[in-house]
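The following exercises concern the structure shown below. Each task is followed by a solution in steps.

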Amino acid sequence: MAGEPQDDCLFCKIVAGHIPATIVRETETTVAFRDINPQAPTHVLVIPKAHHRDAAALAEADPALTADVLRETKAVAEEDKLESYRVVFNTGPGAGQTVFHVHAHVLGGRGMQWPPG
């Protein structure tokens, strides 16, 4: 069920403290942690503590929580002193989503090319 922790979800396990992560920020509703396979000098994932499959599902179910996640991407960038950065939500396996708990990638610290991927 949307919003409820999922036993088989890696990110739900990080939220619960069952799997370690390098946490850089935590709020009442979100957790931000360093990606274990960074694609840029700054590569942090910002996730809601509540489980939602992807960005579209989160936006539909809880617009306020969607705003919390986006607000935290800005806070991560500010803490890492990034003048510019990219925020990426992969939605679905064809877009590269491999963990089906919505997460925003905050990428910065190097030039970003366009188009990506």
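The expected span of a helix is 1.5 Å times one less than its number of residues. The model examined here is predicted.

**Exercise 1.** Determine what span helix 3 (residues 63-79) should have, and compare it with the distance between its end C-alpha atoms.

*Solution.* Step 1: helix 3 has 17 residues, so at 1.5 Å a residue it should span 24 Å. Step 2: the end C-alpha atoms of helix 3 are 25 Å apart, which agrees. Step 3: beyond the helix, lysine 81 follows, with a positive phi near 55°.

**Exercise 2.** Identify the buried residues of helix 3 and what covers them.

*Solution.* Step 1: the buried residues are Leu65, Thr66, Val69, Glu72, Thr73, Ala75, Val76 and Ala77. Step 2: their cover includes helix 2 (55-61) and several strands, among them strand 3 (42-48) and strand 5 (104-108).

**Exercise 3.** Describe how strand 3 is covered and paired.

*Solution.* Step 1: seven of the seven residues of strand 3 are buried. Step 2: Thr42, Val44, Val46 and Pro48 point one way, whereas His43, Leu45 and Ile47 point the other way. Step 3: strand 3 pairs with strand 2 in the antiparallel sense over five bridges, and valine 46 stands opposite alanine 32. Step 4: five bridges also join strand 3 to strand 5, again antiparallel; here valine 44 has valine 106 as its bridge partner.

**Exercise 4.** Classify valine 87 as buried, partly exposed or exposed.

*Solution.* Step 1: valine 87 is located in strand 4. Step 2: its relative accessibility is 30%, so valine 87 counts as partly exposed.

Conventions
Residues are numbered from 1 along each chain as its sequence is written. This is a predicted model: local features need pLDDT of at least 70, side-chain atom pairs count only at pLDDT 80 or more; totals for chains, interfaces and linings use all residues. Side-chain values use heavy atoms; hydrogens and water are left out. Helices (H or I, at least four residues) and strands (E, at least two) are DSSP runs, numbered from the N terminus. Buried means under 20% relative accessible area, exposed over 50%, partly exposed in between (1.4 Å probe, protein chains only). Contact means heavy atoms within 4.5 Å. Two strands pair if DSSP finds at least two bridges between them.
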